[in-house]
Amino acid sequence: MIRSSLTRLTLILLALLALAGCKAAGKRPVVKIGYMICNSEEETLSRFAPLTRYLSDRCGVDFVMVPIDTHDFEKRFKQGDLAFTHTNSLLYVILRENHGLQLVASEKRGQFGSRSAGAIIARKGSGIEKLADIRGKRMAFGPMLAPTGYLAEYDLMLAAGINPEHDLAYYSIPPGSYKHEKLIYGVLYGKYDVAAAPMLDLEVMAREGKISPDDFVILAQSKPAPYCTFGAARNADPELVKKVREALLALKPGDTAEVDGERLKVLKAAAIDGYEELLDSDYDLIRQMAKRVNMPPYQKY
């Protein structure tokens with residue numbers, strides 16, 4: 001109970017951090033950024049508090065973080081009070097197609113830079129050596145709107161003539177937070193035979209010493225596609241959009257921001273390498289996969 005209260009208090013304080021500077025500075029405009037919850041709400045707020053403060057300092061407004069569950073994001077965006085968004089690439093495409101979201105900048109992280117790939121993995125030595133071997137096996141996917149933890153792998157299976165709805169023993173999605181890590185561990189320790197793993201998560205977990213790449217066999221891997229993305233609402237102030245884009249693209253590893261009295265490195269706290277300016281057409285690979293898999297924003301019933 002005490003831990004839960006402290007966690008809630010921490011989240012509230014983090015969400016208010018972006019406002020703190022504005023109260024001290026005077027009456028700067030308050031602008032909301034909707035952050036898609038990544039592994040957990042607590043982790044998302046902690047990661048992006050320094051970045052939000054950095055943007056406030058650079059752009060002369062007071063940005064406020066609004067953490068939003070992936071499946072609630074479009075409904076929340078339609079309310080109209082989010083000027084900026086930070087989401088995965090599939091959500092970017094959905095908001096772009098349905099609500100005219102503008103592309104601001106794309107996040108760089110890991111071996112593929114501003115892109116990431118999806119992979120279907122099995123534990124080495126399990127006897128599953130190729131994609132055709134997964135028929136009749138137990139499989140775990142990541143969250144349903146995850147471009148490299150669900151969409152890409154589902155598309156790979158359809159392309160190989162494997163229908164996930166009929167050709168597996170079953171498939172499921174791990175509950176709760178840190179779903180990508182859970183499914184990778186699930187394969188490693190035998191809960192699942194195969195899993196849909198983002199290459200970025202495999203890379204990060206290996207770097208953190210949680211797993212060894214030698215423990216797994218990659219049965220199939222998608223083409224790298226854009227991943228996490230900053231967007232701006234159609235009616236956002238064009239000058240502010242320009243400032244945010246320039247501030248993101250200018251971010252360097254040594255840039256810092258003050259959070260709760262502590263000066264932190266913005267990129268290190270966010271666990272990212274920087275930002276890059278892509279074209280909307282770079283997201284066509286996501287669009288093509290969504291159409292083939294019959295997923296939003298192209299889903300047909």
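Where does N294 lie? It lies in the segment after α10. This is a predicted model, so local features need pLDDT of at least 70 and side-chain atom pairs count only at pLDDT 80 or more, while totals for chains, interfaces and linings use all residues. Residues are numbered from 1 along each chain as its sequence is written, and side-chain values use heavy atoms, with hydrogens and water left out. Helices (H or I, at least four residues) and strands (E, at least two) are DSSP runs, numbered from the N terminus.

**How α10 packs**

- Two packed helices are described by the angle between their axes and the distance between the axes.
- Helix α5 (residues 147-159) packs against helix α10 (residues 284-293) at an angle of about 60 degrees, and their axes are 9 Å apart. Axes here are lines fitted to C-alpha atoms, for helices over the stretch in contact, and angles run from 0 to 180 degrees between N-to-C directions.
- That angle makes α5 oblique to α10. The cut-offs are under 35 degrees for roughly parallel, over 145 for roughly antiparallel, 65 to 115 for roughly perpendicular, and oblique for the rest.
- α5 passes α10 in a left-handed crossing: a crossing is left-handed if the near helix is turned anticlockwise from the far one by less than a right angle, and right-handed if clockwise.
- On the α5 side, P147, L151, A152, Y154, D155 and L158 make the contact, and on the α10 side I286, M289, A290, R292 and V293 do. Contact means heavy atoms within 4.5 Å.
- Sorted by class, the residues of the contact of α5 with α10 are nine nonpolar, no polar and two charged. Ala, Val, Leu, Ile, Met, Phe, Trp, Tyr, Cys and Pro count as nonpolar, Asp, Glu, Lys and Arg as charged, and the others, Gly among them, as polar.
- α4 also packs with α10, at an angle of about 85 degrees and with axes 10 Å apart. That makes α4 roughly perpendicular to α10.
- Here S89, L90, V93, R96 and E97 in α4 meet I286, R287 and A290 in α10. The contact of α4 with α10 has four nonpolar, one polar and three charged residues.

**Another helix pair**

- Helix α6 (residues 179-188) and helix α7 (residues 199-207) cross at roughly 75 degrees, and their axes come within 10 Å. That makes α6 roughly perpendicular to α7.
- H180, E181, I184 and Y185 of α6 make the contact with D201, L202 and M205 of α7.

**The nonpolar cores**

- In soluble globular proteins, nonpolar side chains tend to be buried together.
- The largest nonpolar core has 45 residues, and I134 and L219 have the most contacts inside it. Such a core is a set of buried Ala, Val, Leu, Ile, Met, Phe, Trp, Tyr and Cys residues joined through side-chain atoms within 4.5 Å.
- Among the elements that give two or more residues to this core are β2 (62-68), α4 (89-99), α5, β10 (216-221) and α10.
- Leaving aside neighbours within four places in sequence, L219 is in contact with residues including I120, I121, A122, I134 and V194.
- Apart from this core lies another, of 33 residues, with M65, V104, V266 and A270 among them.

**Single residues worth a look**

- S222 sits in the loop between β10 and β11 (225-226). At 9% relative accessibility, S222 counts as buried. Buried means under 20% relative accessible area, exposed over 50%, and partly exposed in between (1.4 Å probe, protein chains only).
- Not counting residues up to four places away in sequence, S222 touches A117, G118, A152 and L156.
- A49 is in helix α2 (residues 41-59), and at 4% relative accessibility A49 counts as buried.
- D280 is in the loop between β15 (274-276) and α10, and D280 counts as partly exposed at 22% relative accessibility. Beyond its neighbours within four places in sequence, D280 is in contact with Y92, R96, L103 and R287.

- Most residues other than glycine have a negative phi, and most peptide bonds are trans.
- N294 has a positive phi of about 65 degrees although it is not a glycine. N294 is partly exposed, with a relative accessible area of 32%.
- Y178, in the loop between β8 (170-172) and α6, has a positive phi of about 50 degrees although it is not a glycine.
- The peptide bond from P296 to P297 is cis, with omega near 5 degrees.
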